Amino acid sequence: METILCPTMQEATNVFISNLLASEDFIRYHQSQTLLDHDSTAQALLNQLSQAQTDLRKKQADSSLSRDEIDSLRVLQTQAQENDVISGYANAQQDVIKFLREINDEINQLLGFDFASFTKRSGCC
Amino acid sequence: MNNQGNEDIEIASTSIVKQAARDFATALAETPQFKAFDLAAYAFRNDQAAQQAIQALQQKQQSLRPLMQLNALSNIQREELQELQSAFTSQPVVQEYFSAQAELTKLCQALGDELSEAIGLNYAAACAASCCG
């Protein structure tokens, strides 16, 4: 059954969300996400990398992995790290997570328990 | 929000966001679910029988941990653990605590869902130290 929030709780939630979204870290994160979504080179590189990682895992499982395939994956990983759009997104994501943890600590201090872990649904993370 | 003159973007400073987080936490602390949980937690901490039951259970779990990790408990040890577990969970104050915790968790999950959807990140996962941490 859906939980209905009381008006005060809903209002405080809305203000909290608006301020989070208007913070420097979140603005930068969402801007970098938009850039990544619209960059076909970065997208192609990420797809290639994801495919190569899947292939590598399969080959690792049946012990048919060659040195050349490992080297190819490393080349793709380096290309992704050196891609400004991808690295910009990764850095912005790291910063926004750090910021969110800092904000969550502020909530925890007042409540006396870890709010984030109470929001967790069952299953991994 | 503070307008810091960053072109057309209105940026909220960290102190403003922290204040909004504190207001959010204050509103949560005023809900019936939080108040019930707070009362139940206090009652649990101050109930001698419940505290003795949890200590006995934890001591037994600690002494049997190596065997539990190897899944090598004997039937007698398993029964002992189950009895201590039942003795703990059958305490009215413990049942009230778990029930209040479940209600508060439901509310926090609803809030977490709303936050996650709005910010485009899973709030619980982002704040966890590591996967499932």
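**Chain A and chain B: terms and values**

User: How many residues of chain B are in contact with chain A, and what makes a contact?
Analyst: In this predicted model, 43 residues of chain B are in contact with 36 residues of chain A. Two residues are in contact if their C-beta atoms, placed from the backbone, lie within 7 Å. Local features need pLDDT of at least 70 and side-chain atom pairs pLDDT 80 or more, while totals for chains, interfaces and linings use all residues. Residues are numbered from 1 along each chain as its sequence is written, and chains are lettered from A in the order in which they are written.

User: Which element gives the largest share of the side of chain B that touches chain A?
Analyst: H1(B) does, with 14 residues. Helices are DSSP runs of H or I, at least four residues, numbered from the N terminus. H1(B) spans 14-29.

User: Why are H1(A) and H1(B) called roughly antiparallel?
Analyst: The helices pack at an angle of about 160 degrees, with their axes 9 Å apart. Axes are lines fitted to C-alpha atoms over the stretch in contact, and angles run from 0 to 180 degrees between N-to-C directions. Angles under 35 degrees count as roughly parallel, over 145 as roughly antiparallel, 65 to 115 as roughly perpendicular and the rest as oblique. H1(A) and H1(B) are therefore roughly antiparallel.

User: Which residues make the contact of H1(A) with H1(B), and how do they divide by class?
Analyst: Among them are Ala12(A), Phe16(A) and Leu20(A) of H1(A) and Ala20(B), Phe24(B) and Leu28(B) of H1(B). The residues of this contact divide into 12 nonpolar, 3 polar and 1 charged. Nonpolar here covers Ala, Val, Leu, Ile, Met, Phe, Trp, Tyr, Cys and Pro; charged covers Asp, Glu, Lys and Arg; the others, Gly among them, are polar.

User: How do you know that Ser63(A) is exposed?
Analyst: Ser63(A) has 6 other C-beta atoms within 10 Å. A residue is buried if 20 or more other C-beta atoms lie within 10 Å of its own, exposed if 12 or fewer, and partly exposed in between. Ser63(A) is therefore exposed. Ser63(A) sits in the loop between helix H3 (40-61) and helix H4 (67-82) of chain A, and its phi is near 55 degrees, a positive value in a residue other than glycine.

User: What makes Asn71(B) exposed, and where does Asn71(B) lie?
Analyst: Asn71(B) is exposed because 6 other C-beta atoms lie within 10 Å. Asn71(B) lies in the loop between helix H3 (48-69) and helix H4 (75-89) of chain B, with a positive phi of about 55 degrees.

Technical notes:
Helix = DSSP H or I, 4+ residues; strand = E, 2+ residues; numbered from the N terminus.
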